Amino acid sequence: MKRWKDFEMVSEKGWMEQRRHERVSATVNITYRVLNVEEKVNVLNYPRYKDTGVIHLPKLAKKFHSYHAVTKDISEGGLSITGSNPFRIGEWVEVSIQPPKYKTPVVMLAEVKWIKSYTQMGKEYYNAGVVVLALDSDSMDSLSRYLLSEKIRMDNENKG
């Protein structure tokens, strides 16, 4: 299991964000669920993060209510989520990302670090920045491969 810190705030004429991982603009459908207080205390001992490979995670997650959203950008350390359900700073969420052309989803445990809301066409939407707390090595490998392929695709589009 890997744990990541996504960014640090540095004081220099206000604040500056310094990310350890490059973000890739990507709109990908995701599902997520909010962990309750009991789960938050024990989640890192759950088999899905301790011993279970990513192939078993969709079956385990079906027991819980989940929400649908999309990503705005993704990195190995975090992502920006937009959806119609509000988020709370400090919430832990289990996020399942299904990158295009991948057979199994990337599943991660993440913490909400910032939130914003906006109205579009009379409907309220919510953005959340989440930092990855844990994911198994299979998910990390899949995420890294997906991000690299998206970076190469975007670089090729910018050259042409």
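Trainee: Which residues are linked in a network of salt bridges?

Mentor: Glu 150, Arg 153 and Glu 157 form that network. The model is predicted, so local features need pLDDT of at least 70 and side-chain atom pairs pLDDT 80 or more, while totals for chains, interfaces and linings use all residues. Residues are numbered from 1 along each chain as its sequence is written, and side-chain values use heavy atoms, without hydrogens and water.

Trainee: Why is the contact of Glu 157 and Arg 153 called a salt bridge?

Mentor: The term requires a side-chain nitrogen of Lys or Arg within 4 Å of a carboxyl oxygen of Asp or Glu. For Glu 157 and Arg 153 the N to O distance is 2.6 Å, so the pair qualifies.

Trainee: What makes Glu 111 buried or exposed?

Mentor: Buried means under 20% relative accessible area, exposed over 50%, and partly exposed in between (1.4 Å probe, protein chains only). Glu 111 has 18% relative accessibility, so this residue counts as buried. Its salt-bridge partner is Lys 113, at 3.8 Å, N to O. Lys 113 has 37%, so this residue counts as partly exposed.

Trainee: What do Arg 33 and Glu 94 tie together?

Mentor: The side chains of Arg 33 and Glu 94 meet in a salt bridge of 3.0 Å, N to O. Arg 33 lies in strand β4 (residues 29-34) and Glu 94 in strand β7 (residues 92-97), so the pair ties together parts 61 residues apart in sequence. A strand is a DSSP run of E, at least two residues. Arg 33 and Glu 94 are both buried.

Definitions and conventions
Helices (H or I, at least four residues) and strands (E, at least two) are DSSP runs, numbered from the N terminus.
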